[in-house]
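I opened the notebook to look up a few local features, taking them one at a time. The entries follow in the order in which I checked them.

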Amino acid sequence: MEKEAKKAASLLEEGRSLLSAGGWDKALEKFDAAIADDPGFLPAYYAASDVYNSLGYKPHALNYLVRAFEAKPAARETIVKFIETVSGLSFRVPVPSYRKVIAESFSFDNVDFQPVESAWRSILQNDRAFGPVYRALAHPDEDRARAQFDALPSKNALLDPMFLEGLCRIRLADSGFELFLSRLRCLLLEDETRGETHTLGDEPRTRIAQALGQACFYTDYLFDVSGREQALADALRAKVEKAPAAPDVAVLSCYVPLHELANAGTLLTKFGKGELAALVKLQIADVRERHALAEDIPVLTEVEDPVSRKVRAQYEESPYPKWLALSHRGHVEAREGFLLDGAPKILVAGCGTGREACDLAAAFPNAEVLAVDLSVASLAYATHRAKKFGLTNVRFAQADILGLGALDERFDFIAASGVLHHMDAPLKGWEVLTSLLKEGGRMRIGLYSEHARRFVVEARKAIAARDYKPDSEGIRRFRHDAPKHLKKKHYKTLVEARDYYSLPECRDLLFHEQEHRFTIPQIRQALQTRGLTFEGFQVGGATARKYRKKFRKDPAMTELDNWAKFEKKNPQTFVAMYQFWCKKS
Ligand SMILES: C[S@@+](CC[C@H](N)C(=O)[O-])C[C@H]1O[C@@H](n2cnc3c(N)ncnc32)[C@H](O)[C@@H]1O
């Protein structure tokens, strides 16, 4: 056995040498030989998968990971790599091997499943059993949807563990699936009030509703509710506040967060263990814990600037974003590798709910991370997450970037993602951050792109013209009316944005108090003025391949003139944001 492992390891090394000399096909032969020699030798599968990934052949890359999973199903690294590789893909036909990996991966704790959203959804939509249930309920006409659903010979697919566990771990981001879930929610509610003639029966209904309740909570109850449905939900609330029974509580959690109920404490005691445990933890215990943590958030600077105050008010009401697990990237970004040495100091400015700060603290355990934001509610969320993941090298404090100039500390790395463009004077904020960076230190900045956000500009115009308010009612109404107000192409881009599918995030996307957008020439100018060197955009493999093919003389991908041309041709490249590194030199 040991001899086999040795042989496989040396074949892997030979393959790696061939790869660095540019011979990927010969390298693959070596990796295959290593696998043949020792089918349990996972690094060889990973190496082959990485080769195909870098070439853009995702199905080949995934197949090696499926084989690695089959060889050793308990290996977390395989799951992480599979998730990273399947990210953003969707499938038109059932792919049983991918389904198996995704379904079984749900037994792993603290894994970020968000990247599998489109794969998970498309596998379910095309599943032989789940597909008909989905298509029935997602029919555009409500009466037809109900009639088709009632006519189905079996509804058991709704109990598919891959569906239910996914609902608790993945935040949906698709208009068809949203319609399906909102119909399912209504059905569960109506069923609840039908007494003896339940369509689904008590036990299955509770199982489905507790998972759907978690999904609805993640959206902050964004789904449309008809007047009749609201009346039924109100009646159910009164019933639960009087005499809570598990099926009722589960269904009600799809309409209202349980911590708002008068008897939330009783629910926590009664259902803290058993089938509703995860639901009451999410909707009651965690919320209470965050409220308590908010009391103790330290204050580094006052928030006096009028725009900062408005922005703070928005994020106190709507902390951004809700996130569930660390991102667990399978790699450290090349420009951040230097943070592995020594004991670097990191500042996360405008950390929101702390995802980036926690990711950095986890990736660089020797680092000391200071993360600041205007919003105490966001910082409480962040502190709660850091505690959950056992991170002791990150501290959170309330501060306005404008006031940070008074800090004595200097940092090796500063991250400010999606923040500066929400300030009255973004360049002033950037100036303050630059003054806090050590010589030779790096920043990762995220800024909105003027080109990519045409659809948001149009949506903001429609919102302002018709005075949709940035509250749940206004946001729901705008979403409902958006197809009327927006050109088809803008609406299409809008519904592809993940932020469209939860209330706080949709508010952030379309209803922000303050938003600036940038162009690449403006970024170049701002970098020059601050003595910062551009070090590259953070882009996916497909974009990098496309850029390199077009601009062969810029293998480092750091020529901003080229990027400006590239963006003009591919205006959606930076639809999420320009995310880039720069260095103080
Ligand atoms: C869109 S959220 C981004 C949060 C986080 N960086 C992320 O990427 O998940 C913007 C955050 O910037 C914060 N912010 C905006 N202006 C700020 C300022 N002047 N000082 C500190 N934080 C600010 C807001 O409170 C909000 O939490």
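This is a predicted model: local features need pLDDT of at least 70, side-chain atom pairs count only at pLDDT 80 or more; totals for chains, interfaces and linings use all residues.

Residues are numbered from 1 along each chain as its sequence is written, and side-chain values use heavy atoms, with hydrogens and water left out.

Entry on backbone angles. I looked up phi for Tyr221 and found a positive value of about 60°, although this residue is not a glycine; Tyr221 sits in the loop between α12 (202-218) and α13 (227-242), helices (H or I, at least four residues) and strands (E, at least two) being DSSP runs numbered from the N terminus. Met557, also not a glycine, has a positive phi near 60°, lies in the loop between α26 and α27, and is buried with a relative accessible area of 8%. I also recorded a cis peptide bond between Tyr320 and Pro321, with omega about -20°, and placed Pro321 in the loop between α17 (306-317) and β1 (345-349).

Entry on helix α27. Within residues 560-569, I listed Leu560, Asn562, Trp563, Phe566 and Glu567 as buried. They lie on the same side of α27, because they cover an arc of only 145° around the axis, the arc being that of the directions from the helix axis to the C-beta atoms. The face turned away from this buried side carries the exposed residues Lys565, Lys568 and Lys569. I then traced the buried residues of α27 to their packing against α25 (520-529), β6 (532-537), α26 (541-550) and β7 (578-584), with contact meaning heavy atoms within 4.5 Å.

Entry on a helix pair. Helix α16 (residues 277-294) packs against helix α19 (residues 376-388) at an angle of about 115°, with the axes 8 Å apart; axes are lines fitted to C-alpha atoms, for helices over the stretch in contact, and angles run from 0 to 180 degrees between N-to-C directions. From α16, Asp286, Glu289, Arg290, Leu293 and Ala294 meet Val376, Ala380, Tyr381, Thr383, His384 and Lys387 in α19.

Technical notes: Buried means under 20% relative accessible area, exposed over 50%, partly exposed in between (1.4 Å probe, protein chains only).
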